[in-house]
Amino acid sequence: MQSLTISQSRMQQRLGLCTVHATVMPGICKKVVDVDEHEAQAIYESFLGNKV
């Protein structure tokens with residue numbers, strides 16, 4: 001995975017949700033909308049752990 005970003009709209013913030021956007025290779029991007037904040041944090045921490 002090349003990059004991982006997590007974002008929140010104001011509505012998602014109120015509901016405790018996020019959008020996760022991952023780029024695997026140039027031109028191959030995936031976006032998952034309305035992920036639970038805790039799950040998004042776990043995904044992000046897993047990504048950081050795999051980058052070492």
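Start by selecting strand β2 (residues 17–25): eight bridges join β2 to β3, and the two run antiparallel. Strands here are DSSP runs of E with at least two residues, numbered from the N terminus, and two strands pair if DSSP finds at least two bridges between them.

Before you click on, some ground rules. This is a predicted model, with residues numbered from 1 along each chain as its sequence is written. Local features need pLDDT of at least 70, side-chain atom pairs count only at pLDDT 80 or more, totals for chains, interfaces and linings use all residues, and side-chain values use heavy atoms, leaving out hydrogens and water.

Next pick Ala-22, which stands opposite Lys-30 in β3. What holds such strands together? Strands of a sheet pair through backbone hydrogen bonds, either parallel or antiparallel.

Now select Thr-23, also in strand β2. Is Thr-23 buried or exposed? Thr-23 is buried, because its relative accessible area is 12%; buried means under 20%, exposed over 50%, and partly exposed in between (1.4 Å probe, protein chains only). Leaving aside neighbours within four places in sequence, Thr-23 is in contact (heavy atoms within 4.5 Å) with Met-1, Gln-2, Ser-3, Ile-28 and Cys-29.

**Around the turn**

Move to the hairpin of β2 and β3, which has two residues between the strands. Gly-27 takes a positive phi near 90° in this hairpin.

Then go to Asp-34, in strand β3. Its phi is also positive, near 65°, in a residue other than glycine. Asp-34 counts as partly exposed because its relative accessibility is 45%.

Zoom out and show the three strands, which form an open sheet in the order β1-β2-β3 with antiparallel pairing. Which strands sit at the edges? They are β1 and β3 (28–36), each pairing on one side only. On average, neighbouring strands of this sheet are turned by 15° against each other, direction ignored (axes are lines fitted to C-alpha atoms, and angles run from 0 to 180 degrees between N-to-C directions).

**Last stop: the surface**

Select Ile-6, in strand β1 (residues 3–7). Ile-6 counts as partly exposed, because its relative accessibility is 33%.

Conventions. Helix = DSSP H or I, 4+ residues; strand = E, 2+ residues; numbered from the N terminus.
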